[in-house]
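Q: I would like to learn how to read a protein model feature by feature. Could you walk me through this one?

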Amino acid sequence: MKKAKSCCFILGSFSQIFEGKEENVLTNEIKEKITQQIDYLIEKENISFFYTGMESGADLFYADYVLSKKEEYDLKLCCVIPYEEQALNFSEEERDLYEI
């Protein structure tokens, strides 16, 4: 049986960069680097199982991008939710992503 390779994405306080409503050059560059890295992991490293802590900001962006690749590749996303009330302070848009 072939073992699935996995990747865990944790940005913690770095996620605050993503919390602003307006796009900016730094945020766009970081998003581009994250998507490039995910693509590399999928295509070159054969990663098929992804974990996320579902924190506001970067974690939700990461999860959404992995889900967007799910039809093209056989991927699984595991959302590791540390406590039940985690999404209480999320924006409406973030809550919509969180509830997917």
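Q: Where is Lys69 found, and does Lys69 count as buried or exposed?

A: Lys69 sits in the loop between α2 and β3. To judge burial, look at relative accessible area: buried means under 20%, exposed over 50%, and partly exposed in between, with a 1.4 Å probe and protein chains only. Lys69 has 13% relative accessibility and therefore counts as buried. This is a predicted model, in which local features need pLDDT of at least 70 and side-chain atom pairs count only at pLDDT 80 or more, while totals for chains, interfaces and linings use all residues. Residues are numbered from 1 along each chain as its sequence is written, and side-chain values use heavy atoms, with hydrogens and water left out.

Q: Which residues is Lys69 in contact with, leaving aside its neighbours within four places in sequence?

A: Contact means heavy atoms within 4.5 Å. With those neighbours set aside, Lys69 is in contact with Asp39, Ile42 and Leu75.

Q: How do I read the overall layout: how many helices and strands does the protein have?

A: There are three helices and three strands, and from the N terminus on the elements run β-α-β-α-β-α. Of the 100 residues, 34% count as buried. Among contacts with a separation of 6 or more, 71% come from residues 24 or more positions apart.

Q: What order do the strands of the sheet have?

A: As a general idea, strands of a sheet pair through backbone hydrogen bonds, either parallel or antiparallel. Here the criterion for a pair is that DSSP finds at least two bridges between two strands. The three strands form an open sheet in the order β1-β2-β3, with parallel pairing. β1 (5-9) and β3 (76-79) stand at the edges with a single partner strand each, so one side of each is left without a neighbour in the sheet. Neighbouring strands are turned by 20° against each other on average, direction ignored.

Q: How many bridges join β1 to β2, and how many join β2 to β3?

A: Five bridges join β1 to β2, and four join β2 (residues 47-52) to β3. You can trace individual partners in the viewer: Ser6 has Phe49 of β2 as its bridge partner. Going on to β3, Phe50 is partnered by Leu77 and Thr52 by Cys79.

Q: Which strands do helices α1 and α2 lie across?

A: Axes are lines fitted to C-alpha atoms, for helices over the stretch in contact, and angles run from 0 to 180 degrees between N-to-C directions. Helix α1 (residues 25-43) lies across β1 and β2, running at about 140° to β2. Helix α2 (residues 58-68) lies across β1, β2 and β3, at about 150° to β2.

Q: How do α1 and α2 cross?

A: Two packed helices are described by the angle between their axes and the distance between the axes. The axes of α1 and α2 come within 11 Å and cross at roughly 45°. Angles under 35 degrees count as roughly parallel, over 145 as roughly antiparallel, 65 to 115 as roughly perpendicular and the rest as oblique; α1 and α2 are therefore oblique to each other. Where they meet, Lys31, Ile34, Thr35, Ile38 and Asp39 in α1 face Phe61, Tyr62, Tyr65 and Val66 in α2 as contacts.

Q: Which residues does Ile38 touch, not counting those up to four places away in sequence?

A: Ile38, in helix α1, touches Phe50, Tyr62, Tyr65 and Val66 on that count. Ile38 is buried, with a relative accessible area of 2%. The C-alpha atoms of Ile38 and Val66 are separated by 7.6 Å, though the two residues are 28 apart along the chain.

Q: Which residues of α2 are buried?

A: They are Ala58, Asp59, Leu60, Tyr62, Ala63, Tyr65 and Val66. These buried residues pack against β1, α1, β2, β3 and α3 (92-98).

Q: Where does Ile10 lie, and is Ile10 buried or exposed?

A: Ile10 lies in the loop between β1 and α1. At 67% relative accessibility, Ile10 counts as exposed.

Conventions:
Helices (H or I, at least four residues) and strands (E, at least two) are DSSP runs, numbered from the N terminus.
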